[in-house]
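User: Please take a close look at one residue for me. Then show me the protein around that residue.

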Amino acid sequence: ANLLLGGRDAGRLDTLAGELRAAHPAGDYHPHPLDATRSAEVDAAFAAAVGRFGGITGATNLVGSILLKPAHLTGDDEFEQTLALNL
């Protein structure tokens, strides 16, 4: 498989790409840092996948987070950030 790996942490993406290459050397695993709450960055990731691999045959969205905090202790900024990330 050829995978464009997207996420906010470039170091973790590089580590994941290396682990995938070691386990499945026939694939192309390309780390692509991005913030999924910014639609332009998501669009750029899709464009990068098309440019690198010639097309896209599937996509998996694993974006998500959970704020383990009672609602009455959650600030507006925390709430908005969690909502934006999960939507």
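Analyst: Start with a definition. The radius of gyration is taken over C-alpha atoms, and the globule rule is 2.2 Å times the number of residues to the power 0.38. For 87 residues, a compact globule would come out near 12 Å. This protein has 16 Å. Keep in mind that the model is predicted.

Thr15 sits in helix H1, which covers residues 10-23. Thr15 has a relative accessible area of 45%, so Thr15 is partly exposed. Next, compare sequence with space. Pro31 is 16 residues from Thr15 along the chain. Their C-alpha atoms lie 9.1 Å apart.

Step back to the whole protein. How many helices and strands are there? The count is 3 helices and 2 strands. Along the sequence they follow the order β-α-β-α-α.

Then look at the extent. The C-alpha trace spans about 50 × 25 × 20 Å along its principal axes. Of the 87 residues, 15% count as buried. The accessible surface comes to about 6,400 Å². Carbon and sulfur atoms account for 55% of that surface.

Contacts come next. Take those between residues at least 6 apart in sequence. Of these, 43% join residues at least 24 apart.

Last, the charges. The protein has 6 positive and 11 negative charges.

How values were computed: Residues numbered from 1 in each chain as written. Predicted model: local features only at pLDDT ≥ 70, side-chain atom pairs only at ≥ 80, totals over all residues. Heavy atoms only, no water. Helix = DSSP H or I, 4+ residues; strand = E, 2+ residues; numbered from the N terminus. Buried < 20%, exposed > 50% of the residue type's maximum accessible area, 1.4 Å probe, protein only. Contact = heavy atoms within 4.5 Å. Areas by Shrake-Rupley, 256 points an atom, 1.4 Å probe, with all protein chains shown as cover. Lys, Arg positive; Asp, Glu negative; His and termini not counted. Charge placed at Lys NZ, Arg CZ, Asp CG, Glu CD.
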